[in-house]
Amino acid sequence: MTTPTSVRKRAADAPAPAAPVPVGRRPERGARWRRVGLRLVALATLLALWQSVTALQLWSPVLVPSPAAVWNALLETSGTHDGVRGYQGHTLIEHLGISLRRIFIGAGAGAVAGLVVGVLMGTLPWVRVVLEPAVAFLRTLPPLAYFSLLIIWFGIDEAPKLWLLAIAAMPPAAVATASAVASAPTALVEAARAIGAKRGQVVTSVVLPSALPEILVGVRLAFGIAYSSVVAAETVNGLPGIGGLIRDAQRYNQSDTVVLGLFAIGISGLLIDAGLRVLSDRLAPWRSHT
């Protein structure tokens, strides 16, 4: 017959349970390394295909430059060779830095304007009725459609480039912000009003925090669209600048330099987007859990 004493003795003699193993860390780390490995394999495959196509000489090197030609263009534009510094007197990193400065100033101003317009459209119905058609109209316009008009208004210096990038970045930020603000949880808004919060307090304390993840997505879209417009912004008097470098190299059929400029824009754009993702995770850590 089993007695309480024997039960306690068996429990005391039983081995202690093993410490719980953290769940998710090793699988997440393994999945992360698998993603990195797959991306490296995909990159190596694309480079191999590129090299194979150029080695078969299916197209002229002027049309499809080889990876070696693009690498040589990188070396030539990154230093001084035969007394020539970089491309048109500026190195590749200087061209890219000037374009990035234009993007951050122009797209930053456009994103801020879009946030303000979006908040007004999301909180005041009559403002949405008035401004929504104008925002949609600007969003459908290609940058080159109004760049000529900006040149007539502001000349050929920095002003039209910054205005073009700002106009390109404003609509996506405004649309994302307006949609996020308008879809704020009604229960939270009514609870804030029930305890006596004013309209401004409701917006700053309830609406904007709940809409922050979608607003940050809109900011990412705004910078992405502005970055894709940098070549258009630098079609006129764009040197120094990475878009001006591409346009100038195109005139002289320097396809290796054109491809190099495209790689510079693409890689730096990926880095900017990654930085905005990190900022989004820091400012809205609950985004992935909602």
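## Salt bridges, cores and a surface patch

Arg277 and Asp273 are both in helix 12, four residues apart, or about one turn of the helix. Helices here are DSSP runs (H or I, at least four residues), numbered from the N terminus. This is a predicted model, in which local features need pLDDT of at least 70 and side-chain atom pairs count only at pLDDT 80 or more, while totals for chains, interfaces and linings use all residues. Residues are numbered from 1 along each chain as its sequence is written, and side-chain values use heavy atoms, with hydrogens and water left out.

The side chains of Arg277 and Asp273 form a salt bridge, defined as a side-chain nitrogen of Lys or Arg within 4 Å of a carboxyl oxygen of Asp or Glu. By this rule there are seven salt bridges. Three of them are listed here with their N to O distances.

| Pair | N to O distance |
|---|---|
| Glu234 and Arg102 | 2.7 Å |
| Arg277 and Asp273 | 3.4 Å |
| Arg128 and Glu132 | 3.8 Å |

Glu234 lies in the loop between helix 10 and helix 11 and Arg102 in helix 4, so this pair ties together parts that are 132 residues apart in sequence. Glu234 is buried at 1% relative accessibility, and Arg102 is buried at 4%. Buried means under 20% relative accessible area, exposed over 50%, and partly exposed in between (1.4 Å probe, protein chains only). Salt bridges with shared partners join Arg101, Arg102, Glu158 and Glu234 into one network.

Arg277 is partly exposed at 44%, as is Asp273 at 23%. Arg128 and Glu132 are four residues apart in helix 5 (residues 125-140), about one helical turn. Arg128 has a relative accessible area of 26% and is partly exposed; Glu132, with 38%, is partly exposed.

The largest nonpolar core has 34 residues, of which Ile103, Leu164 and Tyr227 touch the most other members. Helix 12 gives the most to this core, with six residues. A nonpolar core is a set of buried Ala, Val, Leu, Ile, Met, Phe, Trp, Tyr and Cys residues joined through side-chain atoms within 4.5 Å. Beyond its neighbours within four places in sequence, Leu164 is in contact (heavy atoms within 4.5 Å) with Pro143, Tyr146, Phe147, Leu150, Ser229 and Ala233. A second, separate core of twelve residues includes Ala184, Val189, Val207 and Ile215.

Terms used
Helices (H or I, at least four residues) and strands (E, at least two) are DSSP runs, numbered from the N terminus.
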